[in-house]
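Have the structure open as you read.

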Protein chains: 4
Amino acid sequence: MNADPQRPSALERARTRTARLEGLSDGVFAIALTVLVLEIALPPAAGRHLLHAVLELWGAYLAYLTSFLTIGLVWIAHHTIAGALSRTDGAMMRINLLLLMLVSFLPFPTKLMGDYIRTPGAERVAVLFYGVWLLLISITIAGMWRYAAGGRRLLTPDVPQDEIDTLTRMLEPDLGFYAGAILLAVIVPQAGAALFLVIAVTALIRRR
Amino acid sequence: MNADPQRPSALERARTRTARLEGLSDGVFAIALTVLVLEIALPPAAGRHLLHAVLELWGAYLAYLTSFLTIGLVWIAHHTIAGALSRTDGAMMRINLLLLMLVSFLPFPTKLMGDYIRTPGAERVAVLFYGVWLLLISITIAGMWRYAAGGRRLLTPDVPQDEIDTLTRMLEPDLGFYAGAILLAVIVPQAGAALFLVIAVTALIRRR
Amino acid sequence: MNADPQRPSALERARTRTARLEGLSDGVFAIALTVLVLEIALPPAAGRHLLHAVLELWGAYLAYLTSFLTIGLVWIAHHTIAGALSRTDGAMMRINLLLLMLVSFLPFPTKLMGDYIRTPGAERVAVLFYGVWLLLISITIAGMWRYAAGGRRLLTPDVPQDEIDTLTRMLEPDLGFYAGAILLAVIVPQAGAALFLVIAVTALIRRR
Amino acid sequence: MNADPQRPSALERARTRTARLEGLSDGVFAIALTVLVLEIALPPAAGRHLLHAVLELWGAYLAYLTSFLTIGLVWIAHHTIAGALSRTDGAMMRINLLLLMLVSFLPFPTKLMGDYIRTPGAERVAVLFYGVWLLLISITIAGMWRYAAGGRRLLTPDVPQDEIDTLTRMLEPDLGFYAGAILLAVIVPQAGAALFLVIAVTALIRRR
């Protein structure tokens, strides 16, 4: 009836299971992907020139596409990281919770950029807010991998070093690209917004 | 500590597991099915003639029903395909991400068709947008099967050839039906919309 | 490479696995439970008398509570049924899809009843629509069990007859109660609405 | 064909499986985390001074952050409790359903606090409603653990007594903190709101 001091107790196992990390996260990613569309809406009097009104929403489609691909990429990276872990710990749980918060908040800056990308005076704030949010997500997922892989802290023994390096090379360059796109967005907001999409598409092609 | 060159590493396994494909996809399908209803809304002053206002929303119900059944069918096809796979690869992951994007965006054309099917001048654009979206979904799921089954690329060895042919015959005819319904919708939008529902119901009866 | 005629092929197994039924359904139930709250909204000028405005929404809370408990009950019944199945078939899949459609549409009649229960002239339509929807859900889940248990069609062999009878006795009386509450709602809509809640609470107490 | 009286039948097993408790709950937690953002919206004419309008929403961000962290904490506690259970029972299912209802309703008081925290006369009601809701959630999760751990009613035998005590110590102090913050909110609503966030952040640091 007493716990064996050699093996972890039920609570300790619950605390270190990676499944705990994956279940909730997959749910949040799936929902974030799917609620993005709820933020796209036509103006009230759109019926008179519907084709025109639908085409005018290009900013919302651009923002939708970029956010969808970005969340998809985060999900792929998250799955790859989780697949390399042998266990998790409290710090990892907190990094993960931060990542989920950043991802599940993304629909708000997405809507902002979609709504205001064509409004003179407002488009800069909207695109910059969006870009900074993508950068924060990118930093967090790269940091999550750094934490797990640093000194092989949480990794399963059979992950070879060159795969660790590959994953590091895959996650970290995005930081520079996002910083560059944010700088561009300060000067030409719409070009910065387009670059965010290019970064996501490129990352999707690079990743296997 | 070094990986056995004969067997795939942890990262490689994470990359080819079909569970990776199924978990997120089921989440997206379930959410897309459930958020469709959030797009149905009564006009503000509906209270005075509520029964009339509720009945006037028939376009929204038609669009809801068609989209719900279509996503249900995509989910059944997706599960059948996933059940036949022994592994996945990068191209499959990208086709799957495209399918999820098309499905999770469907609430927008659904709302559009529901809102504008009775608005002269706008109903044609709304129904055509909706129909083209259904066709894109249909092409993508048929293409996903083609890719997986072509030369038995990703299939488990025990799938017999006649089952492959059956699934192909089940997925591909929809393309022709949708193309026909879209043509009809150019001429008589409401008849095209009704035909989209007929296609979904028929497919549900045909599929076992 | 050829399938053993004695054992089901991969596609046939995918078609009859009960997990297929449970995964998507649990997702839909969880989401339907959670999106109910999104339909509750204060009127725009609520800030001046917030306490009053919050209390005035009692109709929405009543509808929320009834729908939440009803979906919870459907989920418990669904899980119990799924736990008794050894396999599923095409008809079962269609009954299940119908159940999911009825459940995921429930937020709309819920909102209708919550919004119009205090509007003279509209409250009868709103409460009746809601009650009929609950009755349809109740009929479908009872019918699902009837189909599965009839002649032990889809059951695992180890389910004893008295448990089958218990489950039947648990699912079917609700039909009569809902029919009674709908009749009451024709005469006194608000009393009918209260009775819907009483039925759900009673069923939750009766079920183990 | 007859059930072995020594071992539980299929229905009895379905009734006591803890997986039944976990599956739906994880879905509800993930969705509640993700729909919170849908309640944040800019006023219609925000475009002219977008930066100002975005910053003015600080109340909504504060409410979002507090609710997100609180649901995250509930999820961690729920997982820890579920990991310690050997079985569940009817009372546990009902406590769990109550917890899910409180959590999935949280977006409404969250929106209320976010919208009215800066409205003189309304901010007290909004913050108190929110705080009482957090307290109810906190009582329910602590009560769930009390019920499961009382006399080791539902626990696996290998959970050592000191871990039971640790979990009790982790869950119960929050009740006092929330009561204190609610009292503060009666006098200075905005300080009470800030304290709710402090409680969540502190709990996240304390928990491993």
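What follows looks at this predicted model, beginning with how chain D touches chain A.

## Where chain D touches chain A

Chain D brings 31 residues to the contact, and chain A brings 33 residues. On chain D, at least two residues each come from α2 (18–35), α3 (50–56), α4 (58–84) and α8 (161–171). The largest share of that side belongs to α2(D), with eight residues.

If you sort the residues of chain D that touch chain A by class, you get 19 nonpolar, eight polar and four charged.

## How the two copies are related

Two copies of a chain are related by a rotation about an axis and a shift along it. The copies use different surfaces to meet: 13% of the contact residues of chain D recur in chain A.

## A helix pair inside chain A

Now turn to helix α7 (residues 123–149) and helix α9 (residues 173–187) of chain A, which pack at an angle of about 170 degrees with their axes 9 Å apart. Angles over 145 degrees count as roughly antiparallel, so α7(A) is roughly antiparallel to α9(A).

To find the contact on α7(A), look for residues including A:V127, A:L128, A:G131 and A:L135. Among those on α9(A) are A:D174, A:L175, A:Y178 and A:I182. By class, this helix contact has 14 nonpolar, two polar and one charged residues.

Definitions and conventions
Residues are numbered from 1 along each chain as its sequence is written. Chains are lettered from A and ligands numbered from 1 in the order in which they are written. This is a predicted model: local features need pLDDT of at least 70, side-chain atom pairs count only at pLDDT 80 or more; totals for chains, interfaces and linings use all residues. Two residues are in contact if their C-beta atoms, placed from the backbone, lie within 7 Å. Helices (H or I, at least four residues) and strands (E, at least two) are DSSP runs, numbered from the N terminus. Ala, Val, Leu, Ile, Met, Phe, Trp, Tyr, Cys and Pro count as nonpolar, Asp, Glu, Lys and Arg as charged, and the others, Gly among them, as polar. Axes are lines fitted to C-alpha atoms, for helices over the stretch in contact, and angles run from 0 to 180 degrees between N-to-C directions. Angles under 35 degrees count as roughly parallel, over 145 as roughly antiparallel, 65 to 115 as roughly perpendicular and the rest as oblique.
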